[in-house]
Amino acid sequence: MSNEKTPKTIKRFNKGFIVAHWVNAIAFFTLYISALPMYTEFFDWLYVVFGGPAGARLVHRIAAVAFMLPLFIMIIFDFKGFKNWMKNIFSWKKHDLMFFPQFLREFFGLKAKVPKQDFFNAGEKINSWLMIVTTLMLISSGLVMWFPAFFPSAVLWWAYPIHNIGLGLAVAVAVGHIYMSLVTARPSMRGITKGDVTEEYAKDHHGRWYDELQEEKQQRKQA
Amino acid sequence: MADYIKFVDVTKCDGCRACMVACKNWNDLPAQPEEFTGSIQSHNTLTANTWNVITYDEQVTANGNFEWLFRHKSCHHCGEAFCEKACPETAISHTKFGSVVVDADKCVGCGYCVNNCQFGVIQLATYVDDKGKEYRKAQKCDLCTGRLEEGLRPACVTSCHTNCLVYDEKEKVLAEAEKRLAKIKERFPNANIYNPPGIKGTTTVYLLADKPTVYGLPEDPKVALSQIVWKDYAQPLGKMMLGATTMAVIGAAISTAINKGKGEHEGGQDHE
Ligand code: SF4
Ligand code: SF4
Ligand code: SF4
């Protein structure tokens, strides 16, 4: 925090993190759309959009490569942010567990008192985990399906159901995540687009992070 | 209609390859010359345009002699067909003849079936359309279903001069197969009838002169656990999950609206 006066907004994400997030989002969406006509006849018209099944396959493979990049983008361009994310999602304390019952009340429009949260709140932590697990499922099984010649048949046969299950879970996670960001925590969108959030939002939604920042500032002043 | 099957008694095969020619001929499949690889077997294995191959396996007999093991290799027409289960487009189906056929109009050439057939039968053919674009279709032996519909026997069967290939009523054929098996046991102690129960039998049944593995066939093929997980659990569950997610989102939106509405009457400040 270079600004010594109380700033109106607080830096939340670096460019690296933001780019990684959106590459992931766009790649996922493209993968989903290019695979959709295979799952139900209802979406067969999408084949036409892609110029036939072969076109859809090509798009799917290009997007697949993009889908594998975010981890590297994050590590190379925003290692600090990556470390912070990792540290956060491995830390589970009482305030994290208390988050869920309160959050459910809030989700359905009831009065709720959500305990102060970390940089990533418990919901975001769960979302991160589900996303990591489903991404690993999709990438590993996808690679096997892409290069079947390199794998024994038993592995190959498992790749298909794993890709399928990974997809189902990933879509549920994505829908939940998008819904959350659009409806219940709109100001957070600014964090993952512009990189900063209002102080008020930080205080309300990520109290423990906000406190940490204040403490740091305090210490710096004293020093 | 009584059930009919195609029966292959490999011990009667003399390796003449007439069935290979008949199949190409009837199904209008282009010839596929292959490099000579040191084997007298004509083609390495089945391809999208070669629906049957006589495989030649060299073997040393118990008394030190050498002999060929021939096998008319083509689609087994599995009772529980992996290719059919794997197809995301439902392009593969069973006919009333018990044959497993590919609907070329529905096939998108994804190759799921190719990777899931335990017998390495079904393969992709590449075509080029009028605009020069490439596309792929899965192809394999269809048991000459078109001929069966006309009351004819499969082309390969009619071409067979040793009676190695027959097409007849299932009960009758299987009974004769048992008799034949008893007869050849002395010469081929490992002989067996290959009609795997783990995949609910097949419509092309073999009498093999040796263990299935000698011919590169799985000893006891079963519907793979991965297939069961995929078809019976993952897919319905996936649909349910999508449904549940949608319902949760809609439910939340409605109940939020209702509760917010109440809040406003109580003098609420929360408008967004
Ligand atoms: S042998 Fe292979 S291609 Fe033929 S029906 Fe069985 S699974 Fe399908
Ligand atoms: S290649 Fe064709 S027949 Fe085979 S699984 Fe894909 S759509 Fe089905
Ligand atoms: S049944 Fe017909 S398609 Fe199948 S191998 Fe014989 S001739 Fe070919």
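Two strands count as paired if DSSP finds at least two bridges between them. Helices (H or I, at least four residues) and strands (E, at least two) are DSSP runs, numbered from the N terminus. This is a predicted model: local features need pLDDT of at least 70, side-chain atom pairs count only at pLDDT 80 or more, and totals for chains, interfaces and linings use all residues. Residues are numbered from 1 along each chain as its sequence is written, chains are lettered from A and ligands numbered from 1 in the order in which they are written, and side-chain values use heavy atoms, with hydrogens and water left out.

**Chain B: a hairpin**

Select residues 123-128 and 134-139 of chain B. These are strands β6 and β7, paired in the antiparallel sense over six bridges. Which residue of β7(B) stands opposite B:T126? It is B:R136. Now move to the five residues between the strands, where B:G132 has a positive phi near 85°.

**Chain B: around the ligands**

Go on to ligand 2. Of the 14 residues around ligand 2, the nearest are B:C87, B:C107, B:C110, B:G111 and B:C113. Eleven residues in this shell are nonpolar, two polar and one charged.

**Chain A: the helices**

Colour chain A by secondary structure. Chain A has twelve helices and two strands, in the order β-α-α-α-α-α-α-α-α-α-α-β-α-α along the sequence. Its C-alpha trace spans about 65 × 40 × 35 Å along the principal axes.

Next, select residues 21-39, 59-77, 129-151 and 157-180 of chain A, which an unreviewed UniProt entry annotates as "transmembrane region"; such annotations may be inferred rather than shown by experiment, and positions are given in the numbering used here, with feature names shortened. Residues 21-39 of chain A are 100% helix, with end C-alpha atoms 26 Å apart. Residues 157-180 of chain A are also 100% helix, and there the end C-alpha atoms lie 36 Å apart.

Technical notes: A residue is near a molecule or strand if one of its heavy atoms lies within 4 Å of it. Ala, Val, Leu, Ile, Met, Phe, Trp, Tyr, Cys and Pro count as nonpolar, Asp, Glu, Lys and Arg as charged, and the others, Gly among them, as polar.
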